[in-house]
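Please read them alongside the coordinates.

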Amino acid sequence: MARRLRPVELDFARTAPVRLAFAREVAASPEVVFRALAEDVPGWSEWFAAVASARPVDDGAGREVRLTGGIRFRETVVAATPNEVYAYRVDETNAPGVHALLEEWRLTPSGTGTRVQWTFAGDGPAVFRFALRAARTGLGRAFRGAVTALDRRLAAQNA
């Protein structure tokens, strides 16, 4: 059963009670990485192992995402600044305990490639905040695997 979450904006990435940030460099330019994030939403399932399916909705203003474990999200894109930032908040989910959730992907030129920083920001009752903090290692591993797979995918597409 889907539950509505509290709507948050981009500043939640810096003000949320729990903020987990991870960064990694890739060979692709910020422009190429941004296109993969914002314009190829269905492609997420090809490089982010936790994503079973993703599709844009509302003419690209939102997304519907299904994770491999059955968790579903209905999201609103809150920032899409080309080559710099792509962020979305979760509006509805079947995940228990969460009150607000936002993910921000920030892109910074780094040499000939891009530094990709992913911030996972959430709020909920104390047990949710504790569980989210405890998930740092697993989320970090998922991020590293996803960005490595994305880098390989982008290199193959641009070869």
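1. Buried here means under 20% relative accessible area, and exposed means over 50%, with partly exposed in between. The model is predicted. With that cut-off, E75 counts as buried because its relative accessibility is 3%. R63 is also buried, with a relative accessible area of 3%.

2. What links E75 and R63? Their side chains meet in a salt bridge, with an N to O distance of 2.6 Å. E75 belongs to strand β5 (residues 72-81) and R63 to strand β4 (residues 62-67), so the pair ties together parts that are 12 residues apart in sequence.

3. A second salt bridge joins the side chains of R6 and D123, at 3.3 Å from N to O. R6 sits in the loop between β1 (3-4) and α1 (12-15), whereas D123 is in strand β8 (residues 113-123), so this pair ties together parts that are 117 residues apart in sequence. As for cover, R6 is partly exposed at 37% relative accessibility, while D123 is buried at 13%.

4. E104 and R106 form a salt bridge as well, and their closest N and O atoms are 2.8 Å apart. E104 is buried, with a relative accessible area of 0%. R106 is partly exposed, at 28%.

5. In general, side chains of opposite charge can pair when their charged atoms come close. The chain carries 22 positive and 18 negative side chains, and the centres of these two sets lie 8 Å apart.

6. On the fold, the chain has five helices and eight strands. Read from the N terminus, the order of elements is β-α-β-α-α-β-β-β-β-β-β-α-α. The radius of gyration is 15 Å, close to the 15 Å that the globule rule gives for 159 residues, so the chain is as compact as a globular protein of that length. Along the principal axes, the C-alpha atoms fill a box of roughly 45 × 30 × 25 Å.

7. Of the 159 residues in the chain, 42% are buried. Among contacts with a separation of 6 or more, 55% are between residues 24 or more positions apart. The accessible surface of the chain is about 7900 Å², and carbon and sulfur atoms account for 52% of that surface.

Methods. Residues are numbered from 1 along each chain as its sequence is written. This is a predicted model: local features need pLDDT of at least 70, side-chain atom pairs count only at pLDDT 80 or more; totals for chains, interfaces and linings use all residues. Side-chain values use heavy atoms; hydrogens and water are left out. A salt bridge is a side-chain nitrogen of Lys or Arg within 4 Å of a carboxyl oxygen of Asp or Glu. Helices (H or I, at least four residues) and strands (E, at least two) are DSSP runs, numbered from the N terminus. Buried means under 20% relative accessible area, exposed over 50%, partly exposed in between (1.4 Å probe, protein chains only). The radius of gyration is taken over C-alpha atoms; the globule rule is 2.2 Å times the number of residues to the power 0.38. Contact means heavy atoms within 4.5 Å. Accessible areas come from the Shrake-Rupley method with a 1.4 Å probe; for residues, only the protein chains shown count as cover. Lys and Arg count as positive and Asp and Glu as negative; His and the chain ends are not counted. The place of a charge is taken as NZ of Lys, CZ of Arg, CG of Asp or CD of Glu.
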